[in-house]
Amino acid sequence: MQNIITSQGFLALSRQQPEMFDHSTSFTLANNTRVTVHAPGIIEFVPSHSATKAIVLSCGVHGNETAPIEILDDLVQGLLNGNLQCQQSVLVLFGNLPAMDIGERFVEENMNRLFSGAHSQAPGLVNDERRRALQLEQHIEHFYAAQSSVETRIHYDLHTAIRASKNEKFAVYPLLHGRNHSRSQLAFMAACGVKTILLSESPTTTFSYFSSTAFNAHAFTVELGKVRPFGQNDMTRFAEAKAALLALVCDRDYQPPSISLDDLLIYRVNQVINKQHADFQLHFSDDTANFTDYKAGQVLASETQRQYVAQQDGEAIVFPNASVAIGQRALLTVVPTTIESLDD
Ligand SMILES: O=C(O)CCC(=O)N[C@@H](CCC(=O)O)C(=O)O
Ligand SMILES: [Zn+2]
């Protein structure tokens with residue numbers, strides 16, 4: 001099994017012959033790393049010595065966000081063939097394999113709205129994305145439980161955005177419910193080239209919010225660039241992020257260069273605008289970039305009997321998408337802010 005996976009590629013086999021991984025299988029590499037393939041697209045690496053970090057790296061929760069998939073595919077292959085050696089425990093999750101195959105965000109349902117139990121909220125409604133969200137949750141739970149002696153739990157859920165962004169790389173910091181924001185995590189984001197941070201102020205059903213809330217993990221949704229088909233990413237734009245992730249996994253004690261908060265652009269989410277009617281429309285063009293800002297009173301979107309306006313000067317748009325399902329988030333607005341409380 002080890003030889004086939006190493007030669008043919010874990011992600012390629014997961015997509016082409018998922019039945020090969022219907023049952024969990026483990027093996028030990030020449031460098032003593034223990035590898036467990038839990039399921040298609042779900043693989044774990046545990047070093048022989050005790051790790052200080054339990055790191056979950058996920059990608060492809062949206063099947064057409066290919067650059068993070070290519071980054072983690074390379075990382076997994078490097079760990080499997082021994083070119084890289086992990087010093088920390090790592091669980092790598094390739095989220096939505098069928099959506100990757102059709103080059104779409106999802107097949108039936110947006111998986112990144114199905115966590116924290118949302119996968120089971122509509123009784124009777126079962127589909128591949130709901131089953132997979134539950135499976136991903138369960139594997140994270142088992143991984144963190146098995147790595148109970150580590151000091152730090154981490155989950156970076158890697159994405160790319162549908163639109164271009166004025167600030168190309170940015171991360172969503174889920175609501176922490178009173179826990180402090182972490183300076184060392186922000187420094188790690190900066191090392192990845194992610195210097196724009198959005199502070200979410202409400203509970204959500206995203207993957208990063210799940211790990212943050214259920215396991216007190218340092219968790220982020222990380223937007224590394226713009227959606228492009230497999231093979232069409234300019235990987236030089238991801239070099240910093242890839243190098244920082246590799247150092248995090250392969251160094252015994254990776255410390256990102258320290259930062260001043262002045263190096264970062266911090267926004268807080270001001271409005272979460274959910275689509276209520278089929279006629280929801282945005283009042284700016286399809287090529288308007290994320291972080292384009294507006295003056296107070298400017299209409300950003302409208303639908304039956306309702307207009308959504310910028311509430312303050314400088315309010316900027318993020319993730320606009322009029323095609324989402326009714327009830328789902330169609331637009332975020334963000335405003336500049338500062339971080340008051342940092343814990344390290
Ligand atoms: O560009 C877009 O419109 C969407 C990019 C994307 O998938 N973003 C995530 C953000 C999740 C979060 O808010 O933490 C998503 O919409 O699921
Ligand atoms: Zn995404």
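The buried residues of helix α6 pack against β7 (170-173), β8 (196-199), β9 (218-226) and α8 (239-250). Helices (H or I, at least four residues) and strands (E, at least two) are DSSP runs numbered from the N terminus. This is a predicted model, in which local features need pLDDT of at least 70, side-chain atom pairs count only at pLDDT 80 or more, and totals for chains, interfaces and linings use all residues. Residues are numbered from 1 along each chain as its sequence is written, while chains are lettered from A and ligands numbered from 1 in the order in which they are written.

**Confidence**

- The protein chain has a mean pLDDT of 96, and 100% of its residues reach 70 or more; pLDDT is the predictor's confidence in each residue, from 0 to 100.
- The scores of the model are ipTM 0.98 and pTM 0.97.

**Helix α6**

- Helix α6 covers residues 183-191, and its buried residues are Gln 185, Leu 186, Phe 188, Met 189, Ala 190 and Ala 191.
- A residue is buried if 20 or more other C-beta atoms lie within 10 Å of its own, exposed if 12 or fewer, and partly exposed in between, with C-beta atoms placed from the backbone.
- After α6 comes Gly 193, which has a positive phi near 85 degrees.

**The annotated binding site**

- An unreviewed UniProt entry places the feature "binding site" at His 62, Glu 65 and His 159.
- These residues span 98 residues in sequence, yet no two of their C-alpha atoms are more than 7.4 Å apart, so they gather at one spot.
- UniProt positions are given in the numbering used here, feature names are shortened, and annotations may be inferred rather than shown by experiment.
- Glu 65 is found in the loop between β4 (53-59) and α3 (66-81), and it counts as buried because it has 26 C-beta neighbours inside 10 Å.
- Not counting residues up to four places away in sequence, Glu 65 touches Gly 60, His 159, Thr 160 and Val 227; two residues are in contact if their C-beta atoms, placed from the backbone, lie within 7 Å.
- His 159 belongs to strand β6 (residues 152-161), and it is buried, with 26 C-beta neighbours inside 10 Å.
- Residues up to four places away in sequence aside, His 159 touches His 62, Glu 65, Pro 68, Thr 221, Val 222 and Glu 223.

**Around ligand 1**

- Among the residues around ligand 1 are His 62, His 159, Arg 163, Thr 221 and Asn 321; a residue is near a molecule or strand if its C-beta atom, placed from the backbone, lies within 6 Å of it.
- The shell around ligand 1 divides into four nonpolar, seven polar and one charged residue.
- Ala, Val, Leu, Ile, Met, Phe, Trp, Tyr, Cys and Pro count as nonpolar, Asp, Glu, Lys and Arg as charged, and the others, Gly among them, as polar.

**Two domains**

- The protein chain is divided into domain 1 (2-262) and domain 2 (271-336), with bounds from an automatic or database domain assignment.
- Taken over C-alpha atoms, the centres of domain 1 and domain 2 are separated by 28 Å.
- Their contact takes 11 residues from domain 1 and nine residues from domain 2.

**Exposed loop residues**

- Glu 108, in the loop between α4 (97-102) and α5 (128-146), is exposed, with 12 other C-beta atoms within 10 Å.
- Asp 253, in the loop between α8 and β10 (265-274), counts as exposed because it has 8 C-beta neighbours inside 10 Å.
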